[in-house]
Amino acid sequence: MTTVRLGTGIGWRPEIADAVEAMPGIDWVEVVAENVCPGHLPASLTRLRERGVTIVPHGVSLGLGGAARPDERRLTALAERAAALGSPLVTEHIAFVRAGGPLTASPGIEAGHLLPVPRTRDALDVLCENVRIAQDALPVPLAVENIAALFSWPGEEMTEGQFLYELADRTGVRLLVDVANLHTNHVNRGEDPAKALAELPLEALAYVHVAGGFERDGVWHDSHAHPVPRPVLDILTDLASRVSPPGVLLERDENFPPPAELERELGAVRGAVEAGARARGTAPAPERVREPVAVEAAPGATRERLALAQTAVLSSLVAGTPVPEGFDRTRMRVQARALAAKRADVVAKVAPELPEILGDAYRPAFLAYAQTRPMTGGYRQDAMAFVEQLLRPGRLEDPRTRRDLREWHRDRSGPRPRSHRPAIRLARATRRALLRR
C-alpha cells in the first residue's frame, strides 16, 4: 500500500470554514464523516476540493472496538462519504461506543463518546476481524486512531504499542497516531509516550493528530478546545525524529480562536515536525510494505465475553449500575460525569430550544436525567426522551414551561415534524378538521 503524502492540515468545521479557506499553507482538511451529507456537501468543502485540497472523512460512530460486527449501514455511509469527497483514505477509532444488544440479551446502550477497549487477546481478535470487515467494505484504505482514555481496564495483557503493532501486523491497517492522546494517556494512565512510540509500527503511519486539552484535579481532558500544549508538541517532535509523518493535522472542535491564533498554532506544529526532522535527518525512512496475514473469525464465545465486559462498564458509566471489580472507581466517576456533560452539551446543540425554554434549569435537569437514563439511540432521540421525562406528572411546576415543552415535543413527534410557519400549520389544522366531519 503506497503512503499518501498529505502535508499540513486542519480539521474543517462549519464555524471556521471561511477561515480555513483563507489560510495559507493548508494542504488538506479532515471532516467528521457523520456531519456531512454526500449529496449536499457544504459549499466550502466543494470549493476546497476544486482547489485540489485533499479531504479525509473521519468517522466517530463505527465502534470498531466493540463486541458486535460493524454495522453495514454505517460502513455504507462511510464509503459514500469517501466517494463523494474523492478521499484517498478514511479513518476511524480504536474504541467502543455502544454495548448491550443481542450478544448480551440486554437492551442496547450508547456511550455518545469513544471508550477504550481492553488490551487483551480477546479484544484484539475481535478488533482485527472488525477492521478486516471494514476494510473489505470501504473503497479506499482505512486508518485507525488511538484514543484518549480516562480509565484503564484491569488485567490488560499488552501495552498500547504492542496492541497496535499486532493490529497493524495482522490486518495491514494504517495507523492514525494522535500525539495528544499519547499525552492524555501519560497523565491519566501513567503510560510513557516515548515507550509507546518506540513500540508502534511507524512504517504503517497514515498521519498524525495534534490537539489541545486541559488538566483538572490530576486528570487530563482531551477537549479539542484549548491551545496545543508544549508536552504534546514535544511528543510530535519525538515522533518526527523517528519517521517522516505523511501528514499532520491540527484538531479544534469548539472555543475557536481568531484565525491568526490558529495560524500560529499551525506554525508551532510545523516547527515541531521540523525539529524532529533535523534530529532524524531530512530523508524519509524507507517504506516497508506490510502484507496482512489471514484474520480468522473471532469465535462467538470471544465476542460474548467482550460484550458482557463492555456492557458492564458502559452501564456503570451511563446507567448508575455498580462499577465492575478492578476498575478505579474515582476515575470511573470522572468518566461518568464527562459523558453526562457531553450529552448535555450535544443535546443543547441538537435542540437549542430546550436551554431557551428551561433557562438555567436545563443543565441540572439534564444531568439528573442522564444519571439513570442511558442513551439508546442518537442525540435527537435523547432530547425527545429527556423532554418526555420532564413532562411526566409532578416534574414541572411552571405551567408556561410545561406548555412550551409540550409544544416542542408535539412539533417533533409523529410521522413528520410540524411546520413552524403559521399558514402551513393553519392549513393542516383545517384539513384535519374537515377530515373528521
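Colour the whole chain by secondary structure to begin, and in this predicted model you will find 16 helices and twelve strands. The radius of gyration of the protein is 23 Å, close to the 22 Å that the globule rule gives for 437 residues, so the protein is as compact as a globular protein of that length.

Next, show the charged side chains, of which 56 are positive and 56 negative, with the centres of the two sets 8 Å apart. A search of the whole structure finds 22 salt bridges among such side chains, and the following stops visit some of them.

Select Glu21 and Arg47, whose closest N and O atoms are 2.8 Å apart in a salt bridge. Glu21 belongs to helix H1 and Arg47 to helix H2, 26 residues apart; Glu21 counts as buried at 17% relative accessibility, while Arg47 is partly exposed at 39%.

Move on to Glu129 and Arg69, which form a salt bridge with a closest N to O distance of 3.6 Å. Because Glu129 lies in helix H4 and Arg69 in the loop between strand S3 and helix H3, this pair ties together parts that are 60 residues apart in sequence.

Now select Arg252 and Glu265, which meet in a salt bridge at 3.1 Å, N to O. Arg252 sits in the loop between strand S12 and helix H9, and Glu265 in helix H9; Arg252 is buried, with a relative accessible area of 4%, and Glu265 is buried at 10%.

Finally, select Arg119, Glu160, Arg189 and Glu191, which salt bridges with shared partners join into one network.

Notes: Residues are numbered from 1 along each chain as its sequence is written. This is a predicted model: local features need pLDDT of at least 70, side-chain atom pairs count only at pLDDT 80 or more; totals for chains, interfaces and linings use all residues. Side-chain values use heavy atoms; hydrogens and water are left out. Helices (H or I, at least four residues) and strands (E, at least two) are DSSP runs, numbered from the N terminus. The radius of gyration is taken over C-alpha atoms; the globule rule is 2.2 Å times the number of residues to the power 0.38. Lys and Arg count as positive and Asp and Glu as negative; His and the chain ends are not counted. The place of a charge is taken as NZ of Lys, CZ of Arg, CG of Asp or CD of Glu. A salt bridge is a side-chain nitrogen of Lys or Arg within 4 Å of a carboxyl oxygen of Asp or Glu. Buried means under 20% relative accessible area, exposed over 50%, partly exposed in between (1.4 Å probe, protein chains only).
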